[in-house]
Amino acid sequence: MGLRRKTILLLLFSSFISVGWGQDCDDGVEVELWGECYNIEETTNISMIGDDLSSEIPPRIGDLVNLETLDLGNNNLFGNIPSEIGNLINLRWLMISNNQLTGEIPSEIGNLNNLRHLILTE
């Protein structure tokens, strides 16, 4: 294999790693969401406004028990809001507007006693 081809393959592999492919999160300490590792205890803010996310909201979002702000507006998220969102008892700000979400709002959202801002518009 020529040097040029090896270099191109290495660059391609490096770019996959940099966009989150092949993440190796520390199980039990971190959660992988949208190709990034988030520390379960230390993550308090996720703001991915208009980041072109195109997936369901992973149920593992509910593992981030100290999350205070979750802003996923203006993406292409689809499917239901997972009931595990009700585990985010420290959440104060939740914005998931302007996505392709369907289904009912889960009743577990009523567990969010600290929630002050809820934005769910289409």
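**Overview of the predicted model and its chain fold.** A contact here means heavy atoms within 4.5 Å. In this predicted model, 44% of the contacts in the protein chain between residues at least 6 apart in sequence join residues at least 24 apart. The protein chain has one helix and eight strands, and read along the sequence these elements follow the pattern α-β-β-β-β-β-β-β-β. Of the 122 residues in the protein chain, 34% are buried.

Leaving aside residues up to four places away in sequence, Ile46 touches Leu33, Tyr38, Ile61, Leu64, Leu67, Thr69, Leu70, Asp71 and Leu72.

**Close-up of the disulfide between Cys25 and Cys37.** The count of disulfides in the model comes to one, and this bond joins Cys25 to Cys37 with an S to S distance of 2.0 Å. The pair links distant parts of the chain, twelve residues apart, with Cys25 in the loop between helix H1 (3-18) and strand S1 (30-33) and Cys37 in strand S2 (residues 36-39). The torsion about the S-S bond of Cys25 and Cys37 is about -95°, so the disulfide is left-handed. Cys25 has a relative accessibility of 17% and therefore counts as buried, whereas Cys37, with a relative accessible area of 23%, is partly exposed.

Trp34, although it is not a glycine, has a positive phi of about 50°, and its place is in the loop between S1 and S2. With a relative accessible area of 18%, Trp34 is buried because the cut-off for that class is under 20%. Asp52 is likewise a residue other than glycine with a positive phi, in this case near 60°, and Asp52 is found in the loop between strand S3 (45-47) and strand S4 (69-71). In contrast to the buried Trp34, Asp52 is exposed, with a relative accessible area of 63%.

**Close-up of Ile89 and its surroundings.** Ile89 lies in the loop between strand S5 (78-79) and strand S6 (93-95), and at 46% relative accessibility Ile89 counts as partly exposed. When residues up to four places away in sequence are not counted, Ile89 touches Asn111, Leu112 and Asn114. The C-alpha atom of Ile89 is separated by 9.4 Å from that of Gly62, and these two residues are 27 residues apart along the chain.

**Close-up of the largest pocket and its lining.** About 180 Å³ of space lies in the largest pocket. The largest pocket is lined by 13 residues, and of these Ile81, Leu101, Thr102, Leu120 and Thr121 lie nearest its centre. Sorted by class, the lining of the largest pocket has five nonpolar, six polar and two charged residues.

Definitions and conventions
Residues numbered from 1 in each chain as written. Predicted model: local features only at pLDDT ≥ 70, side-chain atom pairs only at ≥ 80, totals over all residues. Heavy atoms only, no water. Disulfide = S-S within 2.5 Å. Helix = DSSP H or I, 4+ residues; strand = E, 2+ residues; numbered from the N terminus. Buried < 20%, exposed > 50% of the residue type's maximum accessible area, 1.4 Å probe, protein only. 1 Å grid on protein atoms, 1.4 Å probe; cavity = no way out; pocket = protein on both sides within 12 Å on 5 of 7 lines; lining within 4 Å. Points joined across faces, edges and corners; volume = space filled by probe spheres on them. Nonpolar A, V, L, I, M, F, W, Y, C, P; charged D, E, K, R; others polar.
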